[in-house]
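User: I would like to learn how to read a few features of a structure, one at a time. Could you take me through them, giving the general idea and then the case at hand?

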Amino acid sequence: MQIHRVRGRDLKDALERAQRQYGADALVLSRETMPDGGVTVAVADPTRALTAARLAPQSAAASATRERGLEDVERVLRRSGTSDGLVARTLEQVASSGARGPFALDAAAEALGRCVEIAPSPRIQRRGAGVVVQPSVIAFVGPTGVGKTTTLAKLASRLVRSGRRVGIVSMDTHRPGAVEQLRALAAAIGTDVAVARDASELATAVASFGSPECVLVDTAGVSPRDSAALAQLADSLTSGGGSLETYLVLQATSSRAAIDAAREAFAATNPTAWVLTKLDETRAPAPALESAAAAGARLAFLCDGQEVSAHFHRAEPAHVADLFLRGRIA
Ligand SMILES: Nc1nc2c(ncn2[C@@H]2O[C@H](COP(=O)(O)OP(=O)(O)O)[C@@H](O)[C@H]2O)c(=O)[nH]1
Ligand SMILES: [Mg+2]
């Protein structure tokens, strides 16, 4: 189904224009008040429209009543900060699925869950007796204070609980208290911490653990505007003594512009997946998810609280859909 956007001075004018251009049967998908007071309506191609509210020939005001299910979908998407473009695309998908009433939200969940790619589980090989495998090395990078260290501890805790041998390396060596913070978290989890300042020390630190299956690397937060520090960070992660993956940690409370800027800045570190944190602190996580989708990034984990033993989820389509439609993981 094709979607057309028609602008008018007000709702009545926009609906009348839409009716003149696309016929009295045009399906009204959404309406939006513009900053200048004008109104834009999105209407679907009437030749392929399904059952739903239609533009009434004589009463433009009456035609503003849309199918209840589509209205609900639009309302919840707007609440979670979803962009106009994605709202329109989702309404189009729901309308063409034929889902109505309460089933419209299910159809929207189905479509939205697929709009962000999900990363596969970290590549952690089990170390069998006599089998020598390189440990998986995962470095967490991102701006300052986004939750890198906390997320690392959450993943380490999960892995240790599932019987994996995990080592932790701190490369956040300048900030006072950073190594101590990690040591305290690691002690609670039951893992060791080694310290490294550059790529060669990282390789030595990874080797120092003996035979870990996975090594998690904590890095210093870097401002997306500090290109020298970003280059240095990328450089320090070039050799991890194994297959090194980089997870970009971003907080869902940031604006779309801030997330886009961080995504561009940290591209130098070649992130293989994203982690979104602080989902508990916002009811509008859509901009972060849309930034991931626009970048073709893969989501690995979702964090919605401070507790290391909880508030940590592997990303999955149902969670992504929840975040768009409820603003939180259900
Ligand atoms: N509400 C909330 N707070 C978080 C989350 N993840 C981390 N934090 C908090 O954010 C602050 C900074 O976390 P930290 O891991 O030190 O960030 P880092 O500087 O990126 O390593 C701490 O107070 C954490 O408890 C989360 O998912 N939700
Ligand atoms: Mg930290």
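**Reading the features**

Analyst: With a disulfide taken as a pair of cysteine sulfur atoms within 2.5 Å, the count here comes to zero disulfides. This is a predicted model, in which local features need pLDDT of at least 70 and side-chain atom pairs count only at pLDDT 80 or more, whereas totals for chains, interfaces and linings use all residues. Residues are numbered from 1 along each chain as its sequence is written, chains are lettered from A and ligands numbered from 1 in the order in which they are written, and side-chain values use heavy atoms, with hydrogens and water left out.

User: Is cysteine 303 buried or exposed?

Analyst: Buried means under 20% relative accessible area, exposed over 50%, and partly exposed in between, with a 1.4 Å probe and protein chains only. Cysteine 303 has 1% relative accessibility and therefore counts as buried, while cysteine 115, at 27%, is partly exposed.

User: How is a pair of aromatic rings described?

Analyst: The description uses the distance of the centres and the angle of the planes. Rings of Phe, Tyr and Trp (its six-membered ring) pair if their centres lie within 6.5 Å; planes under 30 degrees apart count as stacked, over 60 as edge-to-face and the rest as tilted. By this rule there are three aromatic pairs. Phenylalanine 140 and tyrosine 247 make an edge-to-face pair, with 5.8 Å from centre to centre and 75° between the planes. Because phenylalanine 140 lies in strand E5 (residues 136-141) and tyrosine 247 in strand E9 (residues 243-251), this pair ties together parts 107 residues apart in sequence; strands here are DSSP runs of at least two residues, and helices (H or I) of at least four, numbered from the N terminus. Both phenylalanine 140 and tyrosine 247 are buried.

User: Which residues form one aromatic cluster?

Analyst: The cluster consists of Phe140, Tyr247, Phe301 and Phe312.

User: What should I read around ligand 1, and which residues come nearest?

Analyst: A residue is near a molecule if one of its heavy atoms lies within 4 Å of it. There are 15 such residues around ligand 1, of which Lys148, Thr149, Thr150, Asp280 and Glu281 come nearest. Helix H5 (residues 148-161) gives the most to this shell, with four residues. For polar contacts with the ligand, one looks for a pair of N or O atoms within 3.5 Å: an N or O atom in the side chain of threonine 149 is 2.8 Å from an oxygen atom of ligand 1, and a polar side-chain atom of glutamate 281 lies 2.8 Å from a nitrogen atom of ligand 1.

Technical notes. A polar contact is a pair of N or O atoms within 3.5 Å; within protein, one must be able to donate a hydrogen and the other to accept it, and residues adjacent in sequence count only if both atoms are side-chain atoms.
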